[in-house]
Amino acid sequence: MEKVEYLTAVGAHHEYREKPLPAWAVTFAAPNCTVYVSAELGTFQAIRHNQWRLFDFLWMLHTMDYEGRDNFGNILLRAFSIFGLFTVLSGFALYYVSSPSVRKLKRKISN
């Protein structure tokens, strides 16, 4: 065991967010992990280790929520979704316009 902390408040970027406070944070050196136990309930709440921290970082990049990491309906993600939808629809339109079978069909109709 490396250290023990008593948490009464955490920020939005803290790895122990949206869990009951106050809590005890017990940090271990060997596996480099932190165990969080609710001080009032006396129950195990979360364990945070390097693999979880990497997942949390990648999840933040995936949801494009760089503040709270849990809001996947933010404006940046919506803008990229609309841009992606526009890209796919323009690809379908380009395929339709440049397709050889469509050109043959246009020639048959015009003749």
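The 12 positive and 9 negative charges of the protein have mean positions that lie 26 Å apart. The model is predicted.

**Fold and dimensions**
- Along the sequence the elements follow the order β-β-β-β-α-α-α.
- Taken along the principal axes, the box filled by the C-alpha atoms is roughly 85 × 30 × 20 Å.
- Of the contacts between residues at least 6 apart in sequence, 24% join residues at least 24 apart.

**Surface and burial**
- The protein has an accessible surface of about 8400 Å².
- Carbon and sulfur atoms account for 66% of that surface.
- Of the 111 residues, 24% are buried.

**Aromatic pairs**
- With ring centres within 6.5 Å taken as a pair, the protein has three aromatic pairs.
- One of them joins Tyr16 and Tyr36 in a stacked arrangement, with 4.6 Å from centre to centre and 20 degrees between the planes.
- Tyr16 sits in the loop between strand E1 (3-7) and strand E2 (23-28), while Tyr36 belongs to strand E3 (residues 33-38), so the pair ties together parts that are 20 residues apart in sequence.
- Tyr16 and Tyr36 are both buried.

Key: Residues are numbered from 1 along each chain as its sequence is written. This is a predicted model: local features need pLDDT of at least 70, side-chain atom pairs count only at pLDDT 80 or more; totals for chains, interfaces and linings use all residues. Side-chain values use heavy atoms; hydrogens and water are left out. Helices (H or I, at least four residues) and strands (E, at least two) are DSSP runs, numbered from the N terminus. Buried means under 20% relative accessible area, exposed over 50%, partly exposed in between (1.4 Å probe, protein chains only). Contact means heavy atoms within 4.5 Å. Accessible areas come from the Shrake-Rupley method with a 1.4 Å probe; for residues, only the protein chains shown count as cover. Lys and Arg count as positive and Asp and Glu as negative; His and the chain ends are not counted. The place of a charge is taken as NZ of Lys, CZ of Arg, CG of Asp or CD of Glu. Rings of Phe, Tyr and Trp (its six-membered ring) pair if their centres lie within 6.5 Å; planes under 30 degrees apart count as stacked, over 60 as edge-to-face and the rest as tilted.
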